[in-house]
Amino acid sequence: MEIVVSLLIGAVAGWLGSVIYKGSGLGLPGNIIVGLIGGPVGYWILGKLGITLGGGWLGAILTGTIGAIIILFLINLVVRKK
C-alpha cells in the first residue's frame with residue numbers, strides 16, 4: 001500500500017510541477033518519475049535552507065512539487081527543443 005501512496009504523491013507532485021513550470025511535457029509516466037525524484041531533491045534543498053512545509057500528504061506534495069520544478073528546470077536546460 002505504501003508504494004501506491006508514494007506513486008500517487010509522486011504523480012501529483014510531478015503534475016503540479018509540470019503545470020507550474022511550463023516546459024516540455026513528459027506525460028503521466030514522466031511526471032510520476034519527476035515527482036518521485038523531486039521529492040528527495042525538494043526535501044534535501046529545503047532541509048539545507050532550514051525550511052519545512054509540514055508533514056503528511058500536503059507537505060510531501062508541496063515539497064515534491066518544488067523538487068519536481070527544479071528537476072524540470074534542469075531537464076529543460078539539458079534537452080533543448082528546436
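## Fold and helix packing of a predicted model

The chain contains three helices and zero strands, arranged along the sequence in the pattern α-α-α. The radius of gyration is 12 Å, close to the 12 Å given by the globule rule for 82 residues, so the chain is as compact as a globular protein of that length. The structure described here is a predicted model.

Taken along the principal axes, the C-alpha atoms fill a box of roughly 40 × 30 × 15 Å. Of the 82 residues in the chain, 30% are buried. Among contacts between residues at least 6 apart in sequence, 72% join residues at least 24 apart.

| Helix | Residues |
|---|---|
| H1 | residues 2–20 |
| H2 | residues 27–49 |
| H3 | residues 56–78 |

Helices H1 and H2 pack at an angle of about 100°, and their axes lie 7 Å apart. With angles of 65 to 115 degrees counted as roughly perpendicular, H1 and H2 are therefore roughly perpendicular to each other. On the H1 side, the contact is formed by Ser 6, Leu 7, Gly 10, Ala 11, Ala 13, Gly 14, Trp 15 and Ser 18, which meet Asn 31, Ile 32, Gly 35 and Leu 36 of H2. The residues of this contact comprise six nonpolar, six polar and no charged.

Helix H3 has 23 residues and reaches 33 Å from its first C-alpha to its last, close to the 33 Å expected at 1.5 Å a residue. Its buried residues include Gly 59, Ala 60, Ile 61, Gly 64, Ala 68, Ile 71, Leu 72 and Asn 76. The elements covering the buried residues of H3 include H1 and H2.

Definitions and conventions
Residues are numbered from 1 along each chain as its sequence is written. This is a predicted model: local features need pLDDT of at least 70, side-chain atom pairs count only at pLDDT 80 or more; totals for chains, interfaces and linings use all residues. Side-chain values use heavy atoms; hydrogens and water are left out. Axes are lines fitted to C-alpha atoms, for helices over the stretch in contact, and angles run from 0 to 180 degrees between N-to-C directions. Helices (H or I, at least four residues) and strands (E, at least two) are DSSP runs, numbered from the N terminus. Angles under 35 degrees count as roughly parallel, over 145 as roughly antiparallel, 65 to 115 as roughly perpendicular and the rest as oblique. Contact means heavy atoms within 4.5 Å. Ala, Val, Leu, Ile, Met, Phe, Trp, Tyr, Cys and Pro count as nonpolar, Asp, Glu, Lys and Arg as charged, and the others, Gly among them, as polar. The expected span of a helix is 1.5 Å times one less than its number of residues. Buried means under 20% relative accessible area, exposed over 50%, partly exposed in between (1.4 Å probe, protein chains only). The radius of gyration is taken over C-alpha atoms; the globule rule is 2.2 Å times the number of residues to the power 0.38.
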